[in-house]
Amino acid sequence: MMDGLRKMKEGRLSLDNFFKDILASVRMSRRRGFLSGLMTVWGVFIFIAVVGTSNGIDRGNRSNYDYILGYILISVSPGETSMAYDGLVKGHRVSLTRSDAQELQTLFSDRSEFVYPRKQNLVKCVSLTGTAGAVVSDYRKELNDNVLQITAGRNFTQVELDGRSRNCIIPENMAVQLFGKSDDAVNRTIQVDGLPYLVLGVYKTLHNVSINYVFVPFETSMSMQGMEDELSSIDIKLILDTSVEEKYRLKEDIRSWLYFKKGICPDDASALHFEESIDFIDAQEKLLDSIRLFTVILGLLSLLMGILGVSSIVYLSVKERTKEIAVRLVCGSGKGSIFRLILGEAVFIMLIFGCIGMLLGSAALKVANIVVEKFTADEKWIFIGNMTVSWQLILSCTALVIVCGLVSGLAPARKATSVRINQAMECE
């Protein structure tokens with residue numbers, strides 16, 4: 001007993017007594033402990049939930065990159081000059097021809113998988129039961145097989161694609177508009193600008209790609225009555241293993257060559273239009289960076305809320321326990337012992353309830369993953385993927401919670417050590 005009193009006077013309590021004091025202090029006011037614990041649970045829960053959701057959005061979007069990178073195209077379409085240059089007047093219509101596509105194929109064969117001329121025409125389609133405006137486009141297996149799925153009938157054979165057959169495949173919404181049902185369109189005839197075309201099949205698009213064309217073989221599209229022998233675009237499929245920097249370089253090389261061949265001013269951005277999916281990935285990366293930054297800010301704000309909540313409640317606890325602290329000081333407890341007790345109480349609350357918040361946050365992410373998987377099971381293009389947090393983050397969060405406990409208890413602990421015994425004993 002004398003040894004215990006000596007240790008108390010010296011401010012050196014055993015670890016066992018230290019934790020017993022903390023537990024006793026928390027039990028003295030269950031309502032106060034519950035409120036501070038609730039704030040901690042909520043702050044850590046929000047932190048885990050937000051970080052997990054951010055990870056899910058990041059993983060979901062990155063899972064689409066394999067498709068995007070595998071389908072990267074540079075699509076060049078004609079426009080009009082916006083300035084006079086080298087004999088060309090302002091407003092000159094720039095044309096693209098088959099020979100342009102063939103030369104591009106020859107020049108850039110070592111840096112592209114293929115170069116395809118494309119032809120699209122605005123037409124009117126008529127059946128016995130309905131009429132629909134549409135765009136007729138040539139069908140390219142290497143380009144369109146990845147994004148179209150035949151839902152009724154069949155696709156083109158290679159023989160049909162190589163010739164000028166008057167066969168077509170149409171989108172589901174047009175099949176319903178022209179025939180009432182998708183299945184009823186198969187092997188039926190529609191009039192495309194007055195000429196009969198046999199509907200081989202009906203398709204829908206995949207990966208959230210928006211396509212609503214009537215597809216015909218390329219030579220058929222080029223030979224349609226009244227259409228000039230000009231291309232709507234030239235599509236260049238990039239080699240998959242090419243780096244993003246090399247793909248941008250290829251785009252600039254193609255642009256420079258076409259502008260030189262057509263005699264267009266290099267600064268004229270409207271003469272030829274370039275569309276590619278490379279920029280989409282850059283935009284996605286910037287969006288994901290913004291989401292990560294927002295996540296960090298929101299997570300820190302949620303933890304700050306927990307710190308302020310625990311600090312204010314522990315501070316109130318010190319104020320209510322002024323007389324108790326004075327008695328401890330009279331009985332021989334040193335200011336260091338009181339300081340560690342109050343600080344330990346704040347850390348204890350943050351750590352215990354912080355772990356509860358982490359468990360609840362992880363459980364919420366688990367439930368959210370089940371719900372998301374249920375609704376996206378058949379989707380190949382997804383916005384949000386597996387929402388989880390790593391063990392490294394859990395350990396870091398635990399360390400952060402301890403630091404938050406120390407920060408939240410620092411001011412109340414300093415307040416406790418500044419108590420004056422005479423004034424404290426007079427408090428009611």
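Which residues make a nonpolar surface patch of about 480 Å²? Keep that in mind while you get your bearings. This is a predicted model.

**The whole chain**

Show the entire protein chain. It has 428 residues, and 46% of them count as buried. Colour by secondary structure: there are 15 helices and 11 strands. The accessible surface comes to about 22500 Å², and carbon and sulfur atoms own 59% of it. Next, think about contacts between residues at least 6 apart in sequence. Of these, 77% join residues at least 24 apart.

**Stop 1: the patch**

Select L293, I297, L301, L304 and L308. These residues make the nonpolar surface patch of about 480 Å². Then pick L308 alone. L308 lies in helix α11, residues 278-320. L308 is exposed, because its relative accessibility is 54% and the cut-off for exposed is over 50%.

**Stop 2: helix α5**

Select residues 98-107, which form helix α5. Which residues here are buried? D100, A101 and L104 are. They sit on the same side of α5, because they cover an arc of only 100° around the axis. Here is the rule to remember: an α-helix has 3.6 residues a turn, so residues three or four places apart point the same way.

**Stop 3**

Step back to D86. D86 is in the loop between β1 (73-78) and α5. Check its backbone: phi is positive, about 50°, although D86 is not a glycine. Is D86 buried or exposed? D86 is exposed, with a relative accessible area of 64%.

**Stop 3: helix α8**

Select residues 172-179, helix α8. M174, A175, L178 and F179 are buried here. Those four lie on the same side of α8, because their arc around the axis is only 105°. What covers the buried residues of α8? Show the strands to find out. The cover includes β3 (120-126), β4 (131-138), β6 (167-171), β7 (189-192), β8 (195-205) and β9 (213-216). Then move just past the helix to G180. G180 takes a positive phi of about 95°.

**Stop 4: between β7 and β8**

Two of those covering strands are β7 and β8. Select D193 in the loop between β7 and β8. Its phi is near 50°, a positive value in a residue other than glycine. D193 counts as partly exposed, at 39% relative accessibility.

**Stop 5: T157**

Select T157 next. T157 is in the loop between β5 (148-153) and α7 (158-162). At 36% relative accessibility, T157 is partly exposed. T157 and K141 are 16 residues apart along the chain, and their C-alpha atoms are 10.0 Å apart.

**Stop 6**

C125 is in no disulfide, and the nearest cysteine sulfur, that of C168, is 7.2 Å away. C125 is buried, with a relative accessible area of 0%. Now jump to C355. C355 is partly exposed, with a relative accessible area of 31%.

Technical notes:
Residues are numbered from 1 along each chain as its sequence is written. This is a predicted model: local features need pLDDT of at least 70, side-chain atom pairs count only at pLDDT 80 or more; totals for chains, interfaces and linings use all residues. Side-chain values use heavy atoms; hydrogens and water are left out. Buried means under 20% relative accessible area, exposed over 50%, partly exposed in between (1.4 Å probe, protein chains only). Helices (H or I, at least four residues) and strands (E, at least two) are DSSP runs, numbered from the N terminus. The arc is that of the directions from the helix axis to the C-beta atoms. A disulfide is a pair of cysteine sulfur atoms within 2.5 Å. Patches are made of residues with over 30% relative accessible area and no salt bridge: like charges are joined within 9 Å, nonpolar side chains (Val, Leu, Ile, Met, Phe, Trp, Tyr) within 5 Å. Accessible areas come from the Shrake-Rupley method with a 1.4 Å probe; for residues, only the protein chains shown count as cover. A salt bridge is a side-chain nitrogen of Lys or Arg within 4 Å of a carboxyl oxygen of Asp or Glu. Contact means heavy atoms within 4.5 Å.
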